[in-house]
Amino acid sequence: MFHLEVTQLGKAFGETPVFSGIEFGIRKGELITLLGPSGCGKSTLLRAIAGLTTVDAGRINVAGDDITDLPPQKRGIGMVFQSYALFPTMTVWDNVAFGLRMKPQPGRELQKSVQEALELVELSHLADRYPAALSGGQRQRVALARALVVRPRILLLDEPLSALDARIRRTLRSEIRRIVQHLELTTLFVTHDQEEAMTLSDRVFLMEKGSIVQSGTPEEIYTRPATRFVAGFMGSYNLLEPDVAARLLGMPITRPLALRPETLQLQEGGQAGIAQRVIPVVVEEAQLLGNVVRYRVRCGETPLLVDALNRSVHELHPVGSERQLMIPLDELCEVA
């Protein structure tokens, strides 16, 4: 039984559809990422689950309860926004305690709950500070603690890291993963960042134009894209039309192919193995991406991208050099 289940959900603003026919189920304790480009409907879908946006069709169930028509405060859902939404005149402690004060409970229990939430996000030492005296990462931790302190049945995070710099984002996403695993908290995380989705998620739901076009583990989504859109969004795939692929590989090809750059290998010479094709190419460009060098090579009229680990300056392939490109046949991926 799914802990969160969405059935045939639809939403439009006037004559403009946002999403339709959305269906998925999330097991208790899973961390799911809604991934997709801006405008695909992922944030509106999150707000609909939270009750902040009404839906035109479909149902939302949490632990078997139909919450579709319930107001936000009765859904048992915690939400963290991109903008933090902290009260500037309240301390960290009071910001975290705010949700609990809306519910009658003994002061001792409130104190204990707030302290536990602050410890969970490692901010106990900043309890008396005001938001203006915090860094962006610390403010987002306060927002997370405020969502967690009410012990939600579902946690929703709407691009919570997009306003932070890269180093803090890497640190904070690891902490989010640690916290939700520790609490076994069913979580839906919205982002347009592929790296975040790959490192955070148990499963990824990839959206395009109001529909979920593919779902699966990060490995499945990345290594076996179902469509050209998925391949283009998830990485720097080489997308080849059937006639081009057939000419390149010297074998019958009936559907478009996607080739991951890191599965291709440049060599000065060599023989093809049983499950490989070797084709002559010319190196046209080399881009240093840190630990990876991205080459653009050409075989006749066909350009290809090849990613290689930057092991040594002595192993780099000079621009203009002729090389053999090894293509593993078991890594060919057909796409729609």
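The largest pocket in this predicted model has a volume of about 700 Å³. A pocket here is an open set of points on a 1 Å grid over the protein atoms alone, where a 1.4 Å probe fits, with protein on both sides within 12 Å along at least five of seven lines; lining residues have an atom within 4 Å of a point. Its lining counts 20 residues, and Ile 77, Gly 78, Met 79, Gly 99 and Val 150 lie nearest the centre. Strand β6 (77-80), α2 and α4 each supply at least two of the lining residues, with the largest share, three residues, coming from β6. By class, the lining has twelve nonpolar, four polar and four charged residues.

Local features need pLDDT of at least 70 and side-chain atom pairs count only at pLDDT 80 or more, while totals for chains, interfaces and linings use all residues. Residues are numbered from 1 along each chain as its sequence is written, and side-chain values use heavy atoms, without hydrogens and water.

Helices α2 (residues 92-101) and α4 (residues 136-148) also pack against each other, at an angle of about 30° and with axes 7 Å apart. They are therefore roughly parallel, a label for angles under 35 degrees. In their contact (heavy atoms within 4.5 Å), Val 92, Asn 95 and Val 96 of α2 meet Val 142, Ala 145 and Arg 146 of α4.

The second largest pocket holds about 290 Å³. Of its 15 lining residues, Leu 120, Leu 148, Arg 151, Pro 152 and Leu 183 lie nearest the centre. Helices α3 (107-120) and α5 (166-183) each give two or more residues to this lining, and α3 provides the largest share, four residues.

How values were computed:
Axes are lines fitted to C-alpha atoms, for helices over the stretch in contact, and angles run from 0 to 180 degrees between N-to-C directions. Angles under 35 degrees count as roughly parallel, over 145 as roughly antiparallel, 65 to 115 as roughly perpendicular and the rest as oblique. Grid points are joined across faces, edges and corners, and a volume is the space filled by probe spheres set on the points. Ala, Val, Leu, Ile, Met, Phe, Trp, Tyr, Cys and Pro count as nonpolar, Asp, Glu, Lys and Arg as charged, and the others, Gly among them, as polar.
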